[in-house]
Amino acid sequence: MAAGRALAALLAALLAASAQLLQREGSFTISLRTVDNITVMIKLRPGVPMGCQIRVKTFIRSELKIKPGENVTFTFTCSTPEKYFIMEIQKNIDCVSGPCPFGDVHLYPPGLPRLNRTFIWDVKASTKAGLELKFSTPWLRQIEPGESCPDFIRYNINSCIDMATVNIGTFCRNGSVSRVKLLGGVIMSLHLPWDSPLTTSGFSIANRASIKRLCIIESILKGESSVTLMSPNYPLGFPEDELMTWQFVIPSNMRASVFFHNYSLSNCERKEERVEYYIPGSLSNPEVFKLSDSQPANIAGSFNLSLQGCDQDAQNPGILRLLFQVVVQHPQVDENVTHLVDLSKEWNMTVTIHFEGWPSRIPVMSEPICLICKDPRTCDRVLTLVSGTVYKISFLCKDLSRLRITAEKGISCVDLRWCQKKIYSLSVPKAITQLPIQLHKFIWKLLAHDLINIEITSPSLKLQQHVPEQRCNTSYSYSIVSTTTPETELNVGVFCPGGSIEKIQMRNNVTISLKTFGKGFLNESNRQDLKMSFVPHIKDECSFTVSPDPKAKVYLQTPNWPYGLPPYISVSWYIVVPSKQVARLGFSKDRMGIACETGRAYVNIKEETQGAEETVRREDELLPEPRNMYHDFWVNISNCKPVDKTQLTLQFRVTFGDKQIDLGVILAVVAGAGVLAAIGLTVCCVKKK
């Protein structure tokens, strides 16, 4: 039985293919009634070389026009005419001088050849009446100019008022636009590919009273969804001093939010361009907004949105255009839960709550929306809070893990007499950490006047420099950048808590960025101990104080890694050696690896003890061998101006261990004690005698 079904299917496929081949190679007859007022035009596809022609009786031609009342039989001189020809079927409908054929619009005439075809309905109507285009499900979706439809079936709607034509929009199937009402006439076109199985137009035409505006577009949104719409003529200008309306039909238990993604304004002489909202139940209908305003959000149920143009400057009219999105969501379970953000005691600080990836990433319009609201109707994807204010915010978002916080605070000092003794805490305020949103980054911009420098300390936790041999694995880290000159930045490095660096002193302005990794920061935020103060001028561009725990192993590297120290920059490390400990200092390579164009590069090492000799190496010398340091010591690295393609990057390590007492010293002490004992015994014997 299975074999029988397979044979039947094969025969059906062969019959279909044969029918298609006969249609391609056979003749076609198009008969047009005069009363239908339809014209059919077959012409060559633009840009395609002539490889096929049309035969009418004994005549060969490259295009064919069939007028109302004509009956024409023709064939093609090739088997694949769809590669070479397109077809336009235009029906003219006069609703001014006679009755209109309202109702469903049919694809007529039948029996057309399988070519890419465009059906055009040119409806002339009085501006005192309105026409309504009603679309059958699955309705329509507006697309931007140049965008294509997945099934290549495309609708285009043009409004005709007097002699002016306005492009209402281009649409694909499968959307939410259910109805378009127009003032005056309309030119409606439907573009079908040659292999489209579509047999109906998908819309009907009805007569309506005057709508007293350019057009009304109805969009029905069911469940969680979104729609993107554009003003007529987009991206060109909306007609001068015109009015249009979008009607959104939304279930009353859903919430809608409006976002303007792209707009521009014309130059108005009279009136003002604006949008007006009619929201059922609102006490202030219509609600008027500028296009530059944040648009309403969290609207319960259906509403209307109107765009009003103005009288434009004749010399410089400009362009009014708008592309916007309406997002419909279920009410969130916690939409009425407000979070208090008290920034009243903060100063010079901003807090921005945003979607992940902001500002470099622009979310696609199909992406689920997370909104931050500072009142029930003022919501946006990005909300910035400023210091000195108390906010009550809420969230319209199913998944708060898609939101982030970025904050910035400025601290400055102009006169050292006023700020030298003050210690500033560089910790994230509780107003931020108590929110159910992950902190992405907190930035401190520290501004110091000339001859005033900045000191960073971490008294209890201390800092660890993030290097390949000793990576940070904490829930947050600090990136420190010093602005050495207006054109040059010195990337001091990335640091995390739990190391040996107790203090960093830097010249000029400094930016410290705390960046979090995962949710662990909430648990560790209470332990932040980073402090900052302004200090007098220091000698080096950057100076570290390293105070390790006993038996620690510390890895340190020059700033601006791996791009090298800027020319003529000097950096120093003061390393504290714990009592009863010895430090072993070693470099990761045997040479500096640079050649100097001007100046010299040096590595200086010196212990902080009386009479200690300083070890100095130039860029053309071998670096010191690993050595033991018994006292606190300095390591200083200063750069020259290197020749092209050479950079000064040095890394060194310091390991600590217990001091070992030398055996020779022990024997000398024992021998000395024996000699003293013998002398004492001799003296004693002499006295007795």
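Which residue in β33 does Val341 stand opposite? In this model, which is a predicted one, that residue is Tyr391.

Some context for that pair. Strand β28 runs antiparallel to strand β33, residues 390–396, and four bridges join them. Both belong to an open sheet of four strands, in the order β28-β33-β30-β31, with antiparallel pairing. β28, residues 339–342, and β31, residues 378–380, are the edge strands; each has a single partner, so one side of each has no neighbour in the sheet. From one strand to the next, the twist averages 35 degrees.

Now the cysteines. There are nine disulfides in the structure, and I will go through some of them.

Cys95 is bonded to Cys100, with the sulfur atoms 1.5 Å apart. Cys95 counts as buried at 17% relative accessibility, and Cys100 does too, at 18%.

Cys413 and Cys419 form another, S to S 1.7 Å. Here Cys413 is buried with a relative accessible area of 2%, and Cys419 is buried with 6%.

Then there is Cys596 with Cys640, at 2.0 Å S to S. This link is left-handed, with -85 degrees about the S-S bond. It connects distant parts of the chain, 44 residues apart: Cys596 lies in strand β48, and Cys640 in the loop between β52 and β53. Cys640 is buried, at 0% relative accessible area.

Cys215 is buried, at 0%. Cys542 is in no disulfide either; its nearest cysteine sulfur, in Cys472, is 16 Å away. Cys542 also counts as buried, at 0% relative accessibility.

Note on methods
Residues are numbered from 1 along each chain as its sequence is written. This is a predicted model: local features need pLDDT of at least 70, side-chain atom pairs count only at pLDDT 80 or more; totals for chains, interfaces and linings use all residues. Side-chain values use heavy atoms; hydrogens and water are left out. Two strands pair if DSSP finds at least two bridges between them. Helices (H or I, at least four residues) and strands (E, at least two) are DSSP runs, numbered from the N terminus. Axes are lines fitted to C-alpha atoms, for helices over the stretch in contact, and angles run from 0 to 180 degrees between N-to-C directions. A disulfide is a pair of cysteine sulfur atoms within 2.5 Å. Buried means under 20% relative accessible area, exposed over 50%, partly exposed in between (1.4 Å probe, protein chains only).
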